[in-house]
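Here are my notes on this model, as numbered points. Please read them beside the coordinates.

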Amino acid sequence: MSITALIHILFQLPIKGFCGANLALTQNWKLFKKPHTTLINTKLNTYKPLAISSLKTFANHTRANLKDTVFLDGNSLTVQQVYKVACFGVKVVVEQNALEKVEKCHDYLLKALKNKTIYGVNTGFGSLATTRISDSDASQLQENMIRSHSAAVGSPLPKEVVRAAMLLRLNTLAKGYSGVRVATLRLLEEFLNREITPVVPETGSLGASGDLAQLAHIALAMMGEGYVYHKEEIVPSRVALEREALNAFKPAPKEGLALVNGTQMTVATACLCVIRAKALLSALEDVACLTIEALGASTEWLNEWIHA
Amino acid sequence: MAQRMDTRIRPIPGQVAVAQNMRRKLQDSKAIGRNKRVQEAYSIRCIPQVHGAALESLEFCERLLNIEINSVSDNPLIVPEEELILSGGNFHAQPIAMLLDLLPISLTPLGALCERRLERLLNPAFSGLPAYLTSQSGLNSGYMLAQYTAASLVSENRVLCHPASVDTAIVSNGQEDHASMGLLAGKKALKAIENLWRICAIEALCASQAVDLASIEQKLGGNSRALYERVRSVAPKLEKDQVLSEQFEALYKKLFEHYTRAQAL
């Protein structure tokens with residue numbers, strides 16, 4: 001372990017142990033790397049601190065963070081990074097400047113809500129858009145929507161597909177055009193980093209308005225309902241939230257819609273497909289070469305003149 | 001070299017890249033050119049063209065995806081900069097559904113090539129080796145069924161090439177009257193790629209057995225030798241008939257792990 005890495009860990013220990021603020025480890029690391037960065041606004045961190053079950057787990061967590069955390073700002077995510085987070089458990093952190101944008105957007109939404117009719121925020125959904133919903137029912141509307149849209153059936157989608165979808169939704173929310181609270185991004189971030197993966201049935205999406213049902217199952221798990229994989233084990237979502245000392249999501253206006261309306265489950269499969277297909281092409285080249293050698297085939301057809 | 005650039009025989013970048021890779025992978029081989037055929041079969045001779053086409057598709061998909069994963073697919077959009085709240089349709093997955101339909105179509109021909117090369121490994125008329133790569137053909141069936149399994153996987157992939165993105169649905173009392181079927185396309189593409197990894201493993205296993213029976217292990221180039229050793233680390237040489245399923249699955253997992261890790265990390 002490098003000296004810098006050791007310093008990082010020492011730097012993080014007291015913060016984790018004594019401050020009780022839910023500062024993501026890598027945020028601290030970033031602060032340490034860039035001492036002039038503005039301090040993280042603690043009001044953005046509304047969740048309880050990470051319960052550290054053992055020093056070993058903590059050390060692993062830390063090491064993974066230092067090595068290759070993916071930083072999200074809504075603009076710079078790559079397909080390869082999606083694969084790393086989805087399949088190899090790499091940690092994620094939303095950049096501070098993105099969170100500030102998210103907060104501004106949420107504030108504007110609350111202001112606009114007072115004098116505008118906004119689809120899915122103070123109206124019903126789909127063809128029910130003509131029904132006006134009263135301000136006092138705005139949160140209930142989102143909660144109802146998440147439950148009623150959790151209508152997918154069949155075998156669970158692979159964990160890595162669901163992880164990729166959560167990451168992709170987190171990144172799109174980080175752009176700051178959805179009107180959600182920072183706390184909602186934080187909870188998605190925690191789901192990824194603590195390996196809480198909603199159990200999402202595979203069938204029911206039409207691919208417009210996005211993958212409504214599948215994404216609703218993710219939002220449902222955030223509310224502490226339905227089932228999740230907690231690491232390898234399937235448990236009721238409520239149990240995983242309790243174990244990780246996380247508060248269940250209680251949607252603010254628009255937040256159900258903002259989590260559910262999108263292409264992320266489809267795009268998740270596409271990201272996994274592209275990396276696996278690229279790896280496959282490289283494997284198939286190697287295998288074809290082995291066959292060519294086993295058969296003692298000629299290689300005239302590879303001549304540079306043919307392929308230029 | 002300048003003259004070559006001028007003649008430009010067929011400069012499709014994917015094809016050029018695959019040919020370049022394969023020349024490099026075979027450059028130190030002492031095993032090639034033993035069969036003295038005038039021309040190789042298409043399943044060998046046309047690898048750069050067929051793999052190259054797949055590579056082109058993949059690059060198209062990745063370029064589009066890198067845009068999509070940094071986009072907002074929400075509705076309505078809240079734009080605080082201009083104090084706007086806008087209803088649009090960015091949740092529509094059509095561009096991604098179409099690229100997901102393209103993936104199995106681009107890759108299924110590669111599996112078909114594998115299956116044809118398997119024939120050349122298993123058929124003594126082409127390989128000059130014992131039928132089905134077993135020492136006592138007749139009493140032993142060797143890798144006879146390897147081709148059946150591979151052919152079955154190729155066939156399944158052809159079915160998975162049926163496009164989803166041309167389908168649609170009309171829901172929500174007619175308000176939402178077009179859909180992309182993107183996730184259906186995605187599930188098909190994931191399955192097709194998984195099938196291809198299995199086909200890939202089966203060819204690797206049979207090619208390794210052919211290397212052993214032809215006693216050319218020492219003549220292999222470095223790249224093929226590494227693959228041969230990776231194969232043999234999970235599946236030893238087949239001496240007499242045994243259950244093949246477990247070998248196929250173990251090697252599929254080994255190769256998938258190794259190559260995806262190298263690709264992603």
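1. Terms and numbering first. Two residues are in contact if their C-beta atoms, placed from the backbone, lie within 7 Å. Residues are numbered from 1 along each chain as its sequence is written, while chains are lettered from A, and ligands numbered from 1, in the order in which they are written. The model is predicted: local features need pLDDT of at least 70, side-chain atom pairs count only at pLDDT 80 or more, and totals for chains, interfaces and linings use all residues.

2. Overall content of chain A. Among contacts in chain A with a separation of 6 or more, 74% link residues 24 or more positions apart. Chain A carries 12 helices and 7 strands. These are DSSP runs numbered from the N terminus: helices are H or I with at least four residues, strands E with at least two. Chain A has 308 residues, and 52% of them count as buried. Buried requires 20 or more other C-beta atoms within 10 Å of the residue's own; exposed is 12 or fewer, and partly exposed lies in between, with C-beta atoms placed from the backbone.

3. The sheet. Three strands of chain A form an open sheet in the order S4-S6-S7, with antiparallel pairing. Its edge strands are S4 (196-198) and S7 (233-236) of chain A, each pairing on one side only. From one strand to the next, the twist averages 35°. Pairing here requires at least two DSSP bridges between two strands.

4. Strand partners. S4(A) and S6(A), residues 227-230, run antiparallel and are joined by 3 bridges. Ile196(A) has His230(A) in S6(A) as its bridge partner. On the S7(A) side, S6(A) pairs antiparallel over 4 bridges. There His230(A) stands opposite Glu233(A). The hairpin of S6(A) and S7(A) has 2 residues between the strands, and Lys231(A) takes a positive phi near 55° in that hairpin.

5. H7 against H8. How do H7(A) and H8(A) pack? Their axes are 10 Å apart, at an angle of about 155°; H8(A) covers residues 182-193. H7(A) is therefore roughly antiparallel to H8(A). Axes are lines fitted to C-alpha atoms, for helices over the stretch in contact, and angles run from 0 to 180 degrees between N-to-C directions. Angles under 35 degrees count as roughly parallel, over 145 as roughly antiparallel, 65 to 115 as roughly perpendicular, and the rest as oblique. The crossing is left-handed. That label applies if the near helix is turned anticlockwise from the far one by less than a right angle; clockwise gives right-handed.

6. Residues at that contact. H7(A) contributes Arg163(A), Met166(A), Leu167(A), Arg169(A), Leu170(A) and Leu173(A), which meet Leu185(A), Leu188(A), Glu189(A), Phe191(A) and Leu192(A) of H8(A). By class there are 8 nonpolar, no polar and 3 charged residues. Nonpolar means Ala, Val, Leu, Ile, Met, Phe, Trp, Tyr, Cys and Pro; charged means Asp, Glu, Lys and Arg; the others, Gly among them, are polar.

7. H4 against H7. The axes of H4(A) and H7(A) come within 8 Å and cross at roughly 130°. The two helices are therefore oblique to each other. This crossing is right-handed. Val82(A), Val85(A), Ala86(A) and Cys87(A) of H4(A) make the contact with Glu160(A), Arg163(A), Ala164(A), Leu167(A) and Leu168(A) of H7(A).

8. Glu255. This residue sits in helix H11 (residues 255-260) of chain A. Is Glu255(A) buried or exposed? Glu255(A) is buried, because 29 other C-beta atoms lie within 10 Å. Beyond residues up to four places away in sequence, Glu255(A) touches Gln142(A), Val180(A) and Thr184(A). Val121(A) is 134 residues from Glu255(A) in sequence, yet 8.5 Å away in space, C-alpha to C-alpha.

9. The contact between chains. Chain A gives 83 residues and chain B gives 105. On the chain A side, H4 (79-88), H5 (96-113), H7 (159-173) and H12 (264-295) each supply at least two residues. H12(A) has the largest share, 30 residues. The chain A side divides into 44 nonpolar, 28 polar and 11 charged residues.
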